[in-house]
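This report describes selected side-chain contacts and one surface feature. Please consult the sequence and the 3D view while reading.

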Amino acid sequence: MKDSSQEVYRRLNEQIHEELAAWYGYLGMSIWCSKNYFAGFAKWLNSQAQEEYMHAVKIQQFLIDRGVQITLKGIEKPRQEYNSIVEIFEAALAQEQANSASLNDIFQLAFESRAYASVTELQWFINEQVEEERTAQTNLAHIKMVASDPAAVLELDKSFGERQSLFPVQPE
Ligand code: FEO
């Protein structure tokens, strides 16, 4: 009998690249913010990039635990040109929505394939995406509210800068 988990594992392997592309995407956004003197947004986006990296590592570990041979491939160059901070957070929301759609597709395949270990693993990611989309929507809404008031944008930048990173931005 064909092991239907194999296609799920192949898709999870692909998902490692989706997560790393999100990592790279957030880095591109963070660099734009640094360049445009938004140190707080830059720090926040860098922390978000770290989360995406950890998502890639989580999938990688799951596949290793299941004895799957992982194949890494290149990641595309991320977008680095934006016209405003609003565009940055629109792109962040779109990136999260795309990631959710990808995870939902794999979840459906895993469920239909009765690949229950993968279903359980993916459940964590589906829950995580609910939070990530909600955060991205809230961020965008808040930035749009203050976008025409530079002092308020700078105040928001400062509050975004209070986010704690998962690991130090500078090596210790
Ligand atoms: Fe790993 Fe924000 O999705």
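## A link between a loop and helix H1

Lysine 73 and glutamate 14 form a salt bridge, with their closest N and O atoms 3.1 Å apart. A salt bridge here is a side-chain nitrogen of Lys or Arg within 4 Å of a carboxyl oxygen of Asp or Glu. Because lysine 73 lies in the loop between H2 and helix H3 (85–112) and glutamate 14 in helix H1 (residues 5–35), the pair ties together parts that are 59 residues apart in sequence. Helices are DSSP runs (H or I, at least four residues), numbered from the N terminus.

Lysine 73 is partly exposed at 48% relative accessibility, and glutamate 14 is partly exposed at 31%. Buried means under 20% relative accessible area, exposed over 50%, and partly exposed in between (1.4 Å probe, protein chains only).

## Basis of the model

The model is predicted: local features need pLDDT of at least 70 and side-chain atom pairs count only at pLDDT 80 or more, while totals for chains, interfaces and linings use all residues. Residues are numbered from 1 along each chain as its sequence is written, and side-chain values use heavy atoms, leaving out hydrogens and water.

## Further salt bridges

The whole structure contains five salt bridges. One of them joins arginine 163 and glutamate 51 at 3.2 Å, N to O. This pair links distant parts of the chain, 112 residues apart: arginine 163 is in the segment after helix H5 (150–160) and glutamate 51 in helix H2. Arginine 163 is buried, with a relative accessible area of 18%, and glutamate 51 is buried at 18%.

Conventions
Helices (H or I, at least four residues) and strands (E, at least two) are DSSP runs, numbered from the N terminus.
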